[in-house]
Amino acid sequence: MTDPNAAGGLSHVGEPGEAKNPADGPHKPRSLWGDAWRELRRKPLFILSGVIIVLVVVIAIAPDLFSSRPAGFSDLNHANEGPSADAWFGYDNQGYDVYARTIHGTRASLLVGLFATLLTVLIGSLVGIIAGYYGRWVDSLLSRFGDIFAGLPFVLGAIVILTTFNAPDSNPSEFRIIAQVVGSIAVLTWPVAMRIMRSATLVAKQLDYVKAARGLGANTFRIVFRHLLPNTIAPVLVYATIALGAAIGAEATLAYLGIGIRSPVVSWGVEISDARDYFQNVPHMLLFPAGFVTITVLAFVMLGDAVRQALDPKAR
Amino acid sequence: MGRYILRRLLQLIPVFIGSTFLIYALVWALPGDPFAGKCGQRACPQPYVDMMTAKYNLNDSLVVQYFKYLGNLFSGDFGETFSGNSIGQMVADAAPITIRLAVIAVIIEAVIGIGAGILTGLRGKGFLDNLVLVSTLFLISLPVFVTGIVLQLVLAGQWGIINPSVSADATVGELIVPGFVLGSLSMAYIARLTRASISENRRADFVRTAIAKGQPNRRVVGVHLLRASVIPVITFLGTDLGALMGGAIVTEGVFNINGLGGLVFRGIQEKDGATVTGIVVLLVIVYLLMSLVVDLMYAVLDPRIRYD
């Protein structure tokens with residue numbers, strides 16, 4: 001009776017999907033996520049973004065399915081040629097096939113986004129949940145600590161970090177530069193995840209069942225993982241989806257400034273960075289990878305937006 | 001109210017010191033010889049090294065260096081670059097351009113964003129609503145440099161309406177397109193924020209009261225509804241003005257604008273620590289002060305909020 005989800009479930013009684021599925025009849029109230037899933041399945045934006053994301057992930061896993069040419073394929077005779085039946089996205093100034101490179105660059109770009117988001121969300125959630133749970137001076141201390149990083153403008157901070165650890169003329173290894181890009185994105189954006197987690201924890205902490213659990217003598221570990229986390233994870237996951245898109249965009253922006261990932265790694269950002277000095281005359285060199293970045297980011301932002309709306313009972 | 005401001009100002013101090021020290025440490029604690037490549041192809045002469053070491057306090061520990069630097073800064077002395085140019089003068093030349101760019105960006109995003117938000121918030125679901133929703137999602141996904149380059153290629157390259165790069169004086173007219181590019185992301189956020197806030201407040205009791213007592217529709221929307229709905233938007237705009245000044249690096253790069261962003265980017269590439277720290281400190285101060293101002297404006301705009 002006190003279960004808020006039951007009320008949410010009842011309001012949907014009588015809709016066409018309800019009767020066909022005996023598994024979630026009126027006696028079995030769906031969870032918040034079950035409700036959200038039903039809501040999402042009917043949204044065109046969610047379906048569209050899901051299709052794009054699945055496609056991008058398949059490209060990242062098996063790029064050879066989509067491009068018969070390897071990323072290193074180069075034919076200088078065709079350098080700077082525009083799009084044609086032979087090379088869909090044209091050739092760049094080095095004679096590389098832009099389509100092949102864009103397809104093969106998907107994996108690195110997606111991985112950078114994924115790891116940067118994971119790191120951001122893990123650090124942010126951990127600090128946020130500690131700040132929200134313990135409150136008082138721990139909260140003040142951690143919040144001010146977060147403000148320090150939030151006060152630095154993102155692009156500026158990333159430039160300083162990346163140039164400090166790699167002098168412009170040095171030649172760092174592939175792994176190192178990817179790790180640095182991921183690290184600098186995470187270091188500068190974790191306060192956002194922390195604030196979301198902190199405010200969700202502050203609300204959840206006051207709920208009766210958490211007080212009851214504490215009254216029954218549950219230890220901190222159990223309260224946090226059994227009771228708080230399942231109720232605070234939703235807003236953070238929504239943020240993570242959007243942040244994943246933003247991190248892919250950030251990788252491209254840093255590359256455009258010439259301080260991100262560099263060759264021999266192939267990523268969308270690297271292509272954009274290679275195109276920086278030539279795009280005035282060879283615009284397709286830059287526009288195709290940038291288009292891939294935009295569409296991928298768009299898919300993640302749309303997904304996050306749709307999930308947020310589905311999880312928000314007020315919006316229904 | 002006075003006590004609240006004081007408490008907030010005190011809280012700003014550790015944040016300010018933390019942010020600026022972080023940058024200072026990153027810039028000055030670089031591994032390697034700070035004089036490498038500063039004197040062309042040969043090693044720097046010893047008197048020059050001694051002079052510069054004394055000037056930047058390089059023999060002190062990092063913390064002492066930092067506080068000496070901060071002391072100079074607060075007495076109005078930004079110091080000099082390695083080549084002896086006054087950083088204060090460089091900042092004074094570049095800052096007005098960046099401020100102008102950021103203000104134009106904020107005006108453009110406020111006008112278009114709030115306009116689109118009000119329109120869709122009042123109308124509710126429909127074609128216009130979907131159009132604005134999709135275009136805001138698209139703007140959010142578009143990296144700023146892509147917007148900049150595409151507009152530059154089309155408007156300057158294909159149609160020849162604008163010059164591809166902005167001249168040295170950077171007049172308001174020239175900055176409109178860069179301002180639009182810089183503000184495009186926030187414009188999308190503002191449109192969505194306004195829309196959400198309007199459609200929530202539209203059903204609020206005070207709006208119903210205003211309609212019931214016979215206020216004309218213009219007054220209900222323009223005064224009652226808008227004043228309550230605009231609060232989160234103002235907050236966003238305030239912090240955004242600070243954030244845009246720091247985020248202008250990319251836009252300034254695309255359009256060749258000689259603002260703070262270009263200055264700091266050159267400073268980083270030439271390893272000129274004093275320039276970088278000076279400008280970053282300035283930007284952090286602007287950002288922190290703007291967020292304080294925004295907090296205080298809450299109380300002015302919404303009489304329900306009291307800080308005592």
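1. Read along its sequence, chain B follows the pattern α-α-α-α-α-α-α-α-α-α-α-α. Its secondary structure comes to 12 helices and zero strands; helices (H or I, at least four residues) and strands (E, at least two) are DSSP runs, numbered from the N terminus.

2. This is a predicted model, in which local features need pLDDT of at least 70, side-chain atom pairs count only at pLDDT 80 or more, and totals for chains, interfaces and linings use all residues. Residues are numbered from 1 along each chain as its sequence is written, and chains are lettered from A and ligands numbered from 1 in the order in which they are written.

3. Of the 308 residues in chain B, 37% are buried (20 or more other C-beta atoms within 10 Å of the residue's own, with C-beta atoms placed from the backbone). Among contacts in chain B between residues at least 6 apart in sequence, 75% join residues at least 24 apart; two residues are in contact if their C-beta atoms, placed from the backbone, lie within 7 Å.

4. The axes of helix 6 of chain B and helix 7 (residues 172-201) of chain B come within 9 Å and cross at roughly 150°. Axes are lines fitted to C-alpha atoms, for helices over the stretch in contact, and angles run from 0 to 180 degrees between N-to-C directions.

5. In this pair, B:V144, B:T147, B:G148, B:L151 and B:L155 of helix 6 of chain B meet B:V177, B:V181, B:S184 and B:L185 of helix 7 of chain B. By class, the contact has six nonpolar, three polar and no charged residues (Ala, Val, Leu, Ile, Met, Phe, Trp, Tyr, Cys and Pro count as nonpolar, Asp, Glu, Lys and Arg as charged, and the others, Gly among them, as polar).

6. In chain A, helix 5 (residues 98-134) and helix 12 (residues 284-311) pack at an angle of about 30°, with their axes 10 Å apart. Helix 5 of chain A is therefore roughly parallel to helix 12 of chain A. A:V98, A:T102 and A:G105 of helix 5 of chain A make the contact with A:H284, A:M285, A:F288, A:P289 and A:F292 of helix 12 of chain A. These residues divide into five nonpolar, three polar and no charged.

7. Between the chains, 36 residues of chain B are in contact with 32 residues of chain A. Helix 1 of chain B supplies the largest share of the chain B side, nine residues. That side divides into 29 nonpolar, seven polar and no charged residues.

Technical notes:
Angles under 35 degrees count as roughly parallel, over 145 as roughly antiparallel, 65 to 115 as roughly perpendicular and the rest as oblique. A residue is buried if 20 or more other C-beta atoms lie within 10 Å of its own, exposed if 12 or fewer, and partly exposed in between; C-beta atoms are placed from the backbone.
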